[in-house]
Amino acid sequence: MDSPPPSSRVYENIFQSLPIIQNAAPPSPPEPLSWQDDVGLSLCFVAILTLTAVANVFFCIPRRSDPASPAASEGVSEAQQGLRQKEGRVDTHALTGLRGFAALHVALGHYCAISPVHVDLIGGASMSFFYLLSGFVMTLGYAKDLVAADSSSNLANFNKRRFWRNRFARLFPMYMLTNIVYFLVLHFSWQGPGMLSSTNFDWNLALTFLGLNMWIYPLDAWLPTDAVCCQHQVALPSNFVTWTVQTMAVFYIVFPYMLPWLKAVKRRRLVIHMLFWLQAVTFLSIVSFGVFALKNFNVGYWSARAWPLSRIPVFAMGCLAAVERIHGGGHVTCRFRTADAGGEARRWGWRASVLGACYVLILTAGVVLNEVPVKSATFARLRDPVIRSLLEALVPLLFIDLILALTHCGESGILARVCRSKPMEWMGDIAMSFYMVHFSVILIVSMFVPQHLQAVSWWMVVGSFALAMLLGWLLTRFFEDPCRKCLRA
């Protein structure tokens with residue numbers, strides 16, 4: 001009997017975390033840890049998670065310093081302050097289109113994996129881009145003057161309540177709407193036995209509405225599985241993809257407390273590299289422990305990528321990159337010099353295009369390696385976790401340089417012109433709503449065919465993708481924007 005393609009095996013594992021129905025019996029889940037029989041492994045996993053959380057929080061949110069003290073502006077000359085004031089607004093126009101590309105990559109990754117070709121585009125590799133971009137634009141939008149290196153700004157002026165209200169208005173309405181709608185569809189359309197009456201389903205529904213699934217997800221390592229409902233005691237939210245909202249919520253909580261640190265850091269490029277290696281080591285450590293020690297890829301992988309306290313360094317990298325850009329910086333890895341301003345813009349555009357092409361090539365190599373048939377069962381089992389984890393852990397530094405380059409190049413360069421085009425600008429504007437509905441659309445459509453996700457055809461994939469785009473636009477214009485304006489008022 002032929003084994004299923006690697007991508008379908010991966011998504012079978014992912015679907016175990018969703019409250020959806022599959023006619024085929026899922027693979028046997030790994031045995032949970034026991035504090036009595038596996039005390040060593042249990043203590044090691046707790047230690048890894050604790051060290052990750054403590055290191056991330058301690059490194060990114062150190063002891064608060066006096067925001068008005070002379071130390072905050074030490075080493076900054078009047079000429080440098082004048083240069084910063086003349087620099088003006090940072091051009092982030094191309095980043096809207098780049099956000100649209102990232103949303104398309106994630107969505108196409110999901111759709112292609114469950115399409116007849118079963119090719120996994122590893123859309124998860126682009127998730128760190130959203131964390132970085134969130135930190136970058138948030139620092140520019142809310143704290144540009146506060147984190148600048150002059151003594152006249154006062155961090156005490158930052159209005160935390162207003163900031164948190166604005167973030168709540170941005171994400172909460174769509175989060176609640178998509179989760180409620182998907183639950184109602186399940187409630188009224190599913191006729192099979194067991195799942196909707198499962199206590200575990202009610203438990204995960206409560207966690208979804210409280211936004212706590214990903215905060216306590218690592219507990220799955222010790223909890224028994226539930227074959228009736230979701231396989232996991234702590235599943236992903238009802239609307240699978242909204243786990244990102246729960247993860248990013250911690251960024252918004254800690255952002256106001258990061259401002260003194262963002263202002264005080266002098267060697268920003270060095271610290272960005274330190275943050276990069278901190279997140280890469282902790283990410284790969286958690287995944288490796290899950291794969292090799294717990295024999296449970298899901299717990300290790302989702303704890304590494306979605307547990308909120310594990311991803312703070314990626315967000316902090318974006319924040320520090322914004323501070324570096326405010327002070328005129330534009331690179332984190334390697335620099336170049338040009339003789340004139342026009343040549344500089346062209347070089348930045350060339351740099352952005354090359355970085356974008358490098359990401360596509362790296363991604364393509366990962367997809368191809370993941371799909372090549374192999375004879376070794378052990379290698380086949382470990383190949384996808386290794387490729388997926390390495391991509392997610394190592395691409396944030398490339399994204400940082402790409403974001404910075406696009407803010408310098410104006411309309412120079414192929415990638416900058418594409419990102420600034422009207423279609424990509426529109427895609428970036430609806431990216432959040434589109435992202436939140438795209439997976440629910442294909443899941444709902446698949447409920448009306450006999451074998452659900454095992455029988456998805458091309459017309460269902462293309463039709464669902466077009467419908468998700470339309471819903472993303474309608475929800476952005478007639479629900480997300482009005483709700484945000486109303487809640488901010």
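**Exercise 1. Work out which residues lie nearest the centre of the largest pocket, and what lines it.**

Step 1. A pocket here comes from a 1 Å grid over the protein atoms alone: it is an open set of points where a 1.4 Å probe fits, with protein on both sides within 12 Å along at least five of seven lines, and lining residues have an atom within 4 Å of a point. The largest pocket has 35 lining residues, and Arg 99, Leu 133, Val 137, Arg 167 and Arg 170 lie nearest its centre.

Step 2. Before going on, know what you're looking at: this is a predicted model, where local features need pLDDT of at least 70 and side-chain atom pairs count only at pLDDT 80 or more, while totals for chains, interfaces and linings use all residues. Residues are numbered from 1 along each chain as its sequence is written, and side-chain values use heavy atoms, with hydrogens and water left out.

Step 3. Now the volume, meaning the space filled by probe spheres set on the points, with grid points joined across faces, edges and corners. For the largest pocket that's about 1100 Å³.

Step 4. Sort the lining by class (Ala, Val, Leu, Ile, Met, Phe, Trp, Tyr, Cys and Pro are nonpolar; Asp, Glu, Lys and Arg are charged; the others, Gly among them, are polar). You get 18 nonpolar, seven polar and 10 charged residues.

Step 5. Helices are DSSP runs (H or I, at least four residues), numbered from the N terminus. Those that each supply at least two lining residues include H4 (93–113), H6 (160–189) and H18 (458–488). H5 gives the most, with nine.

**Exercise 2. Find how H5 crosses H8.**

Step 1. The H5 and H8 axes come within 11 Å and cross at roughly 40°.

Step 2. Under 35 degrees is roughly parallel, over 145 roughly antiparallel, 65 to 115 roughly perpendicular, and the rest oblique. So H5 is oblique to H8.

Step 3. A crossing is right-handed if the near helix is turned clockwise from the far one by less than a right angle, left-handed if anticlockwise. H5 passes H8 in a right-handed crossing.

Step 4. Contact means heavy atoms within 4.5 Å. Among the residues that meet are Phe 130 and Tyr 131 in H5 and Trp 243 and Phe 251 in H8. Their contact has 13 nonpolar, four polar and no charged residues.

**Exercise 3. Describe how H9 (268–293) crosses H10 (297–306), then how it crosses H2 (39–60).**

Step 1. The H9 and H10 axes come within 7 Å and cross at roughly 165°, so H9 is roughly antiparallel to H10. Their crossing is right-handed.

Step 2. The H2 and H9 axes come within 11 Å and cross at roughly 165°, so these two are also roughly antiparallel. The crossing of H2 and H9 is left-handed.

Terms used
Axes fitted to C-alpha atoms, helices over the stretch in contact; angles between N-to-C directions.
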